[in-house]
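Student: Please take a close look at a single part of this model and then place it in its surroundings. I would like the terms spelled out as you go.

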Amino acid sequence: MVSPVSCCQTAGGCCPTASWYLWTDSDSCSDWTGSFSRTSRSSHSEDRSKMASLGCFLRSGNNAVSVVLRREFSKTPPAAVQVNVRDALNQAMDEELERDERVFLLGEEVAQYDGAYKVSRGLWKKYGDKRIIDTPITEMGFAGIAVGAAFAGLRPICEFMTWNFSMQAIDQVINSAAKTYYMSAGAQPVPIVFRGPNGSSAGVAAQHSQCFAAWYGHCPGLKVVSPWNSEDARGLLKAAIRDDNPVVFLENELMYGVPFDLSEDVLQKDFVVPIGKAKVERRGTHITLVSHSRCVGFCLDAASVLAKEGVECEVVNLRTIRPLDVDTIEASVMKTGHLVTVEGGWPQYGVGAEICARVMEGPAFNYLDAPAVRVTGVDIPMPYAKILEDHSVPQIKDIIFSVKKVLNM
Amino acid sequence: MPSRFNLIEEDRQQKGGEKRSETAGRWQHDSMQKMLTIISNVLRGSASRHGAQVVSEAASMVASSRSYADFTPEATFDIKKVDLHRLEEGPPLTATLTREEGLKYYRTMQTIRRMELKADQLYKQKIIRGFCHLYDGQEACAVGIEGGITLSDHLITAYRAHGYTLTRGGTVREIMAELTGRRGGIAKGKGGSMHMYTKNFYGGNGIVGAQVPLGAGVALACKYLGNDQLCVSLYGDGAANQGQIFETYNMSSLWKLPIIFICENNQYGMGTSVERSSASTEYYKRGDYIPGLRVDGMDVLCVREATKFAADHCRSGKGPILMELQTYRYHGHSMSDPGVSYRTREEIQEVRSKSDPISMLKDRMLSNNMASIEELKEIDIAVRKEIEDAAQFATTDPEPPLDDLCSHIFANDQPFEVRGATPWTKLTSTS
């Protein structure tokens with residue numbers, strides 16, 4: 001008999017859903033097992049009393065009882081914790097700060113304000129002024145300082161409040177960080193992470209809405225990653241911090257508050273998502289959708305709608321912009337014969353353009369039954385009015401429309 | 001100010017600071033070597049201002065057979081007073097130079113000088129290409145700064161970097177081979193003139209002003225790691241107006257970083273004189289709340305004492321300090337600039353004859369009997385040979401192998417494929 005038990009795991013915040021499964025060999029269920037009930041959101045005190053009961057039960061020394069975490073069991077869903085992207089980033093930084101003394105965070109409002117978008121909440125309280133540094137509003141200066149610190153052996157995380165402001169500092173990112181290992185013929189590595197929200201938000205207008213994936217993705221010497229969900233965010237940030245090279249980490253403000261289930265494996269302290277590997281989020285046979293960041297979610301939504309019409313989309317989450325995982329893309333295109341790329345950035349010289357060019361130049365071209373097309377942001381500066389803004393970014397209907405066009409439906 | 005050296009049991013007042021190379025011509029006399037001892041004995045008693053000058057003349061006749069035990073082991077020189085900004089006290093007004101130090105500084109400055117002149121020659125022969133910014137005239141800065149810090153301190157500069165690459169531990173061979181783009185170059189031919197690196201030396205930076213925040217980052221690391229080291233961050237009069245430098249002044253002061261900002265003011269930012277580029281040419285004051293010093297950058301001892309003073313300031317936890325070194329470059333901005341359209345040949349010649357850093361040191365040493373003219377000539381010959389050998393290496397060493405084209409993109413990574421010029425050209429990058 002299996003009695004589900006829920007308990008609360010504090011993983012850097014309130015994480016409501018965790019399930020342990022108690023497998024008893026014994027037929028004799030005491031009455032107290034009935035008090036365990038599975039709820040999706042239990043209060044802390046409720047859970048603590050349940051944990052206490054469980055503790056008593058275990059200490060009672062009843063034989064023939066084994067507590068087993070069973071994830072494969074068909075009737076029981078796997079142990080998972082709901083973590084939003086913000087918290088995933090926060091936990092990743094917290095764990096990496098703890099793991100390596102040389103890691104530190106600097107940027108505007110990262111310390112006492114808890115982060116402009118609360119991504120660094122709690123870190124200053126825990127680690128103090130030495131490791132969480134509030135900077136003045138001087139991007140070029142503090143980005144240069146971060147790179148210099150990386151030269152001298154530290155492992156900085158340099159936050160840009162949004163990637164739009166990185167343009168003030170772009171010389172330091174490209175000329176001082178990206179190129180130095182090459183110019184020095186391997187004498188001077190630059191283990192730095194630049195991170196911050198990228199791309200469009202909601203109602204912040206033209207100067208605060210640009211996507212920089214294509215700009216940074218253009219440059220050799222940089223690794224550029226663009227996570228979609230919490231697993232991506234956590235694993236890629238850990239990988240980026242552990243990487244001995246400059247990594248441009250493009251987050252998305254509208255994704256910060258979105259929760260995702262994270263399995264126990266993902267919550268391990270050494271969990272990393274390898275940089276340079278895309279993930280197939282949904283298997284399909286008729287068409288390949290390649291995307292990154294928030295648009296991956298739109299692709300999955302479009303795929304659900306299309307599935308009702310019998311079109312099975314394969315959705316590839318790039319995870320990394322540079323180096324681009326061409327192999328995964330090609331394998332998918334060779335299977336489906338059709339390709340649509342989806343991104344929030346502008347079309348000209350963009351991520352989608354690069355993907356299409358690569359597919360043209362490689363073996364997958366011969367498998368295409370139709371030209372590959374791109375779904376992108378509209379080629380204009382971002383307007384403010386809601387109706388205009390909504391029509392400036394790719395919507396789910398645009399993806400569905402494009403899929404049908406490519407499939408000649 | 002009484003000196004602290006002994007020469008044949010007598011104390012003597014020496015004033016070496018004002019000497020310039022107008023006496024240099026007098027070193028050319030044929031020596032009457034045996035006369036020397038007599039002459040110096042006669043003149044030793046003279047405490048007059050010109051006593052030094054005459055002794056210098058006498059010193060020119062020192063026989064090479066004279067033993068080193070006869071040389072002055074140490075002398076103290078008056079050095080120019082330093083202009084101060086937000087400082088009550090500055091560096092001392094005298095500097096003590098030992099014979100060993102003098103010979104070392106002389107040799108290093110001469111090496112830089114000859115290396116740069118050789119680079120000029122190779123550039124004109126088109127063996128060096130691209131950018132080549134020469135440092136001759138400014139040698140006292142690089143050598144003096146290094147005299148005030150140690151190799152465990154850190155230093156970063158802009159593109160006029162060959163001299164610093166040498167003082168920071170590079171060899172002439174690997175510097176020249178980098179200029180000629182060979183595999184034996186200090187950056188294996190991948191960097192060139194502006195991108196040379198050694199331990200605790202972060203280049204060599206091509207983007208004007210960018211090196212200054214980088215230097216502050218290095219200083220941040222020194223403070224973070226608690227290793228009592230500091231970072232010297234150099235920039236020119238042209239760069240001194242860069243916004244990012246003011247951003248760096250601000251953060252360095254807020255966080256009390258152990259950084260010495262040094263403005264090498266050689267009067268011209270490319271072709272633009274300081275009067276034409278800067279509303280305020282008092283670069284040592286531009287740090288505003290940061291204490292500043294304006295130093296004679298043609299006098300290696302001045303530079304050294306000021307650097308020591310600045311280093312003490314940093315190491316005592318007081319935060320940043322700013323030094324302006326007034327110096328001069330004989331060459332134009334780079335090899336593509338003859339350097340005479342925005343300044344006169346007369347000006348260049350005047351500085352050469354009156355303020356040359358190597359001549360100044362040489363005069364001091366000779367006039368104080370710290371070395372013989374033959375000895376210095378021997379050093380010159382040895383330096384020339386070193387440069388010739390290095391040039392020989394730099395012109396005969398092969399260029400880097402094509403396999404190296406894509407290497408050193410990422411550190412500590414698996415090899416990966418790099419797209420070549422065509423889709424069919426697949427190259428490999430290794431770390």
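Predicted model: local features only at pLDDT ≥ 70, side-chain atom pairs only at ≥ 80, totals over all residues.

Tutor: Residues are numbered from 1 along each chain as its sequence is written, chains are lettered from A and ligands numbered from 1 in the order in which they are written, and side-chain values use heavy atoms, without hydrogens and water.

Buried means under 20% relative accessible area, exposed over 50%, and partly exposed in between, with a 1.4 Å probe and protein chains only. In a regular strand the side chains alternate between the two faces of the sheet. Here both faces are covered: Ile259(B), Phe261(B), Cys263(B) and Asn265(B) are buried on one side, and Ile260(B), Ile262(B) and Glu264(B) on the other.

β6(B) runs parallel to strand β5 (residues 231-236) of chain B, and 6 bridges join them; two strands pair if DSSP finds at least two bridges. Within this pairing, Leu234(B) has Ile262(B) as its bridge partner. UniProt places "domain: Dehydrogenase E1 component", from an unreviewed entry, at residues 107-401 of chain B; its positions follow the numbering used here, feature names are shortened, and annotations may be inferred rather than shown by experiment. That span is 46% helix and 11% strand, and its end C-alpha atoms lie 35 Å apart.

Chain A has a mostly covered strand of its own: in β6 (residues 80-84) of chain A, 4 of the 5 residues are buried. β6(A) runs antiparallel to strand β13 (residues 259-263) of chain A, with 5 bridges between them. Val81(A) faces Leu262(A) in β13(A).

Next, the rings. Over all chains there are 15 aromatic pairs, counted where ring centres of Phe, Tyr and Trp (its six-membered ring) lie within 6.5 Å; planes under 30 degrees apart are stacked, over 60 edge-to-face and the rest tilted. Tyr117(A) and Tyr256(A) make a tilted pair, 6.0 Å centre to centre with 45° between the planes. These two tyrosines are 139 residues apart in the chain. Tyr117(A) is partly exposed at 23% relative accessible area, whereas Tyr256(A) is buried at 1%. Trp163(A) and Tyr216(A) have ring centres 5.1 Å apart and planes at 65°, so the pair is edge-to-face. Trp163(A) is in the loop between β9 (155-159) and α5 (170-178) of chain A, and Tyr216(A) is in helix α7 (residues 213-217) of chain A.

Finally, the two chains meet. The contact (heavy atoms within 4.5 Å) takes 42 residues from chain A and 35 residues from chain B. Together the chains bury about 3400 Å², 68% of it on carbon and sulfur atoms; buried area is the accessible area (1.4 Å probe) that two parts lose on being put together, summed over both. On the chain A side, Ile145(A), Tyr182(A) and Met183(A) lose the most area to chain B, together 20% of what that side buries. A charge also sits over a ring between the chains: Lys130(A) has its charged end 4.5 Å from the ring centre of Tyr224(B). The cut-offs are NZ of Lys or CZ of Arg within 6 Å of the ring centre and within 35 degrees of the ring normal.
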